[in-house]
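Here is a quick tour for anyone meeting this structure for the first time. Have a look at the model, then read on.

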Amino acid sequence: MELDENAKYAQTHEWARVEDELVVVGISDHAQDSMSDIVYVELPEVGDSMEQGEEFGVVESAKAVSDVYMPVSGEIVDVNTTLDASPELVNSSPYGDGWMIKIRPSDPSQLDGLLAPEDYRAHVDAG
Amino acid sequence: MADGKNMSETAEEQATELKRTALHDRHVELGARMVEFAGHSMPVLYETGPIEEHHITRRSVGIFDIDHMGQVAVGGPDAVAFLEHIVTSNIAELGEHQSRYGLMLHEHGGVVDDVFVYRLDDHYMVVINADNRDKDIAHMRHHAAPFDVTLEDLSEETYMLAVQGPRAIELLDKLTEHDIDGIERFSSARVELIGVPMVVGRTGYTGEDGVELYFGDQHAHRVWNALLDAGTEHDIEVAPIGLAARDSLRFEPGFALYGHEISDNINPLEARLAWAIDFDKDFVGKAALLAHRDRGVGRKLVTFVLTDKGVPREGYPVLNQDGEEIGVVVTGMYAPTVDAYAGNAVVEAAYAATDTPIQIEIRNKPKAAVVVKRPLYRPAYR
């Protein structure tokens, strides 16, 4: 399992990384690997505001449909529209080109409550 | 075949524990993810991933463990008459070593199962779906009473593998002296492959050239490994294929999957399987089908492609342009070769024509779709 050392993680397998005061969000390498081939990613509209833990989208693989959740509260300021045509980027580059949304966080302190990479690894290993 | 007592014991075992095929541990070794399917623990995908597994089968060779499928040997003086009676297609005209698809119907016209009937040397072999095994055998026994036939359930001792893809025959040729390519489509032969005696049927469920193999359970590892090794040795791309890709491979060329396109409650006219029915003979369920035909078929199976983005799934409602519910999705997926979100649905007959705009309701949101010409993928051998 690969980890992005610069990101923090939700127990529900989303990662969150601060870039220029925004929070970039995707799903972890572990999450994409357990889903196998991702064939569709449904993302919110830019401008939507959602609370931490609220479902912001849906990731679908050949045999599974999974909700993805806001790691922090805030406004969606950007979505990765390239996933429309190339959802497989979530498999090939979960921390890079497979990013899903950018959030302008309403309460940046929520990031402190997310798991550090090593804690997320322990969480995954514990099953 | 198993008597009533054994049958109920089998059912009990299934309820408490999943059956494992002889290759179970080998699949795990190959990185498979195992899921429950028809009471068996089966590989749904391997490390390769289902989309690439699909593409490998279309471009080279895929091998499939389908030992969960059942086989019933039908013998005795009335074997032909019996099969003519319970299978919709014409069995009488099968020459030795020929085989054919057909359906077993309820008296009310619903489908008990779809089957593949092989005429072998001195008996017939009926290949049935794992999920329907007990039901099928009960159905066959019930209708066998007036006939002088023997029925033997060979499912446990018979191993079944499929080898499918444009290079499947070339691969098999590396493992036998027999002229595999000499076996015509929908024919079979008794062959020794790496010294293992087997029945090789030139058929499959992928839309590609290929075969299905039937042999003794104890040889499963040898045959499976020989197929993989021959690929490596002769530079023929070969991969094991899981149930996910098996589903997309059968969907694109328009093959029915029991429990989806056909079921106890969907009859073959609705499922557009009239081609598998010989109305010139008598068979169980014929009267109901004729009555249904005269009445007019009220709902029909269609294949659709989404023009919006989204993955259709079994059970999603189908709507007309006014948002009224007109049917239900029975199979849905991302179809790799046609590169489309597509599916099959059973809809009111008025909406069954090609190019009819429909909508698929995905998570309460209607998504635009269109009825398309079947099949999405024309089988390579046709």
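## Before we start

Helices, with at least four residues, and strands, with at least two, are DSSP runs that are numbered from the N terminus. Keep in mind that what you see is a predicted model.

## Where the chains touch

Let's begin with the contact between the chains. Chain B puts 11 residues into it, and chain A puts in eight. On the chain B side, the elements giving two or more residues are strand E3 (40-45), helix H3 (50-59) and strand E17 (325-335). Sort that side by residue type and you get eight nonpolar, two polar and one charged.

## Helix H3 of chain B

Which residues of H3(B) are buried? They are B:Pro50, B:Ile51, B:Glu53, B:His54, B:Thr57 and B:Arg58. These residues sit on the same side of H3(B), because they cover an arc of only 165 degrees around the axis.

And what do the buried residues of H3(B) pack against? Their partners in chain B are E3, strand E4 (61-65), strand E10 (158-164), strand E14 (238-240) and helix H8 (243-251).

## A buried methionine

Next stop: B:Met69, in the loop between E4 and strand E5 (70-75) of chain B. Is B:Met69 buried or exposed? B:Met69 has 21 C-beta neighbours inside 10 Å, so it counts as buried, given that the cut-off is 20 or more.

Leaving out residues up to four places away in sequence, B:Met69 touches B:Val127, B:Asn129, B:Ala130 and B:Met160. Take B:Asn129: it is 60 residues from B:Met69 in sequence, yet the two are 5.1 Å apart in space, C-alpha to C-alpha.

Most residues other than glycine have a negative phi, and most peptide bonds are trans. Here are some spots that go the other way.

B:Phe186 has a positive phi, near 60 degrees. You'll find B:Phe186 in the loop between helix H6 (168-173) and strand E11 (188-193) of chain B. With 16 other C-beta atoms within 10 Å, B:Phe186 is partly exposed. B:Asp235 also has a positive phi, near 55 degrees, and lies in the loop between helix H7 (220-233) and E14 of chain B. B:Asp235 has 6 other C-beta atoms within 10 Å, so it is exposed.

Where is the cis peptide bond? It runs from B:Arg374 to B:Pro375, with omega near -10 degrees. B:Pro375 belongs to the segment after strand E20 (365-372) of chain B.

How values were computed:
Residues are numbered from 1 along each chain as its sequence is written. Chains are lettered from A and ligands numbered from 1 in the order in which they are written. This is a predicted model: local features need pLDDT of at least 70, side-chain atom pairs count only at pLDDT 80 or more; totals for chains, interfaces and linings use all residues. Two residues are in contact if their C-beta atoms, placed from the backbone, lie within 7 Å. Ala, Val, Leu, Ile, Met, Phe, Trp, Tyr, Cys and Pro count as nonpolar, Asp, Glu, Lys and Arg as charged, and the others, Gly among them, as polar. A residue is buried if 20 or more other C-beta atoms lie within 10 Å of its own, exposed if 12 or fewer, and partly exposed in between; C-beta atoms are placed from the backbone. The arc is that of the directions from the helix axis to the C-beta atoms.
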